[in-house]
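Subject: Structure handover

Hello,

Here is the structure you asked to take over. Please look through the sequence and the model first; my notes on what was found follow below.

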Amino acid sequence: MLDRNAILSRIPHQGASCLLDSCVAWSATTLHATSRAHYEAHNPLRRNGQLGPLVAAEIAMQAAALHGTLTGEANSPPGYLAALRDVVIACERLDNPAYGTLHIYVCKEHGMAGGLAYAFRVLAEDGTVLVTGRGTVVLRQTEGHV
């Protein structure tokens, strides 16, 4: 298990921009993380006092970034979110107090020289599915990485 400080030391998202609180478990292809960032008044993704459900995809892709560092992708060049696909939103807002701690599950579907693809699920504490989808991260080509 990793706490927030351990996560902050591994991903580029810092301060309030890091939306993960802990990493419960991981394997070569999966990661389970938790978040309570949806309650934070200073969450940088709030708009008009609310947190839209698509923020769950950002949380999930941060979990994917963490997975990459934990499984050896740390030597890859920096990446950026290039696409979201098959996103299913099953809630109106992400900041509903009834959701409790969010549970984020990511599964690496593909890894290639130019990028990574992950499936994700974000669930409420009681197991209710809030948002699912897939995200593609494209790795920037830098000197020394072809």
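A salt bridge is counted where a side-chain nitrogen of Lys or Arg lies within 4 Å of a carboxyl oxygen of Asp or Glu. By that rule the side chains of Glu-109 and Arg-134 form a salt bridge, with N and O 2.9 Å apart. Glu-109 belongs to strand β4 and Arg-134 to strand β6, so this pair ties together parts that are 25 residues apart in sequence. Glu-109 is partly exposed, at 33% relative accessibility, and Arg-134 is also partly exposed, with a relative accessible area of 24%.

Before the rest, a word on confidence. This is a predicted model. The mean pLDDT of the protein chain is 88, and 90% of its residues reach 70 or more. Confidence is lowest in β3, where the mean is 89, and highest in β2, where it is 97.

Salt bridges

The whole structure has 4 salt bridges. Besides the pair above, one of them joins Arg-46 to Asp-95, whose closest N and O atoms are 2.9 Å apart. Arg-46 sits in the loop between β2 and α2, while Asp-95 sits in the loop between β3 (79-89) and β4, so the bridge ties together parts that are 49 residues apart in sequence. Both partners are buried: Arg-46 has a relative accessible area of 17%, and Asp-95 has one of 9%.

Asp-95 has a further partner in Arg-93, with the closest N and O atoms 2.8 Å apart. Arg-93 is partly exposed, at 33% relative accessibility. Taken together, Arg-46, Arg-93 and Asp-95 are linked in a network of salt bridges.

In soluble globular proteins, nonpolar side chains tend to be buried together. The largest nonpolar core here has 38 residues, and Leu-66 and Ile-104 are the residues with the most contacts inside it. The elements that supply two or more residues to this core are α1 (4-8), β2 (30-35), α2 (55-70), β4 (102-112), β5 (115-123) and β6 (129-139). The largest share comes from α2, which gives 10 residues.

What does Leu-66 touch, once its neighbours within four places in sequence are left aside? Leu-66 is in contact with Leu-2, Ile-7, Arg-10, Ile-11, Leu-20, Cys-23 and Leu-31.

Cysteines

How many disulfides does the structure hold? The count is 0. A disulfide is a covalent bond between the sulfur atoms of two cysteines. To be counted as one, the two sulfur atoms must be within 2.5 Å. For Cys-18, the closest cysteine sulfur is that of Cys-23, 11 Å away, which is too far for a bond.

Regards

Terms used:
Residues are numbered from 1 along each chain as its sequence is written. This is a predicted model: local features need pLDDT of at least 70, side-chain atom pairs count only at pLDDT 80 or more; totals for chains, interfaces and linings use all residues. Side-chain values use heavy atoms; hydrogens and water are left out. A nonpolar core is a set of buried Ala, Val, Leu, Ile, Met, Phe, Trp, Tyr and Cys residues joined through side-chain atoms within 4.5 Å. Buried means under 20% relative accessible area, exposed over 50%, partly exposed in between (1.4 Å probe, protein chains only). Helices (H or I, at least four residues) and strands (E, at least two) are DSSP runs, numbered from the N terminus. Contact means heavy atoms within 4.5 Å. pLDDT is the predictor's confidence in each residue, from 0 to 100.
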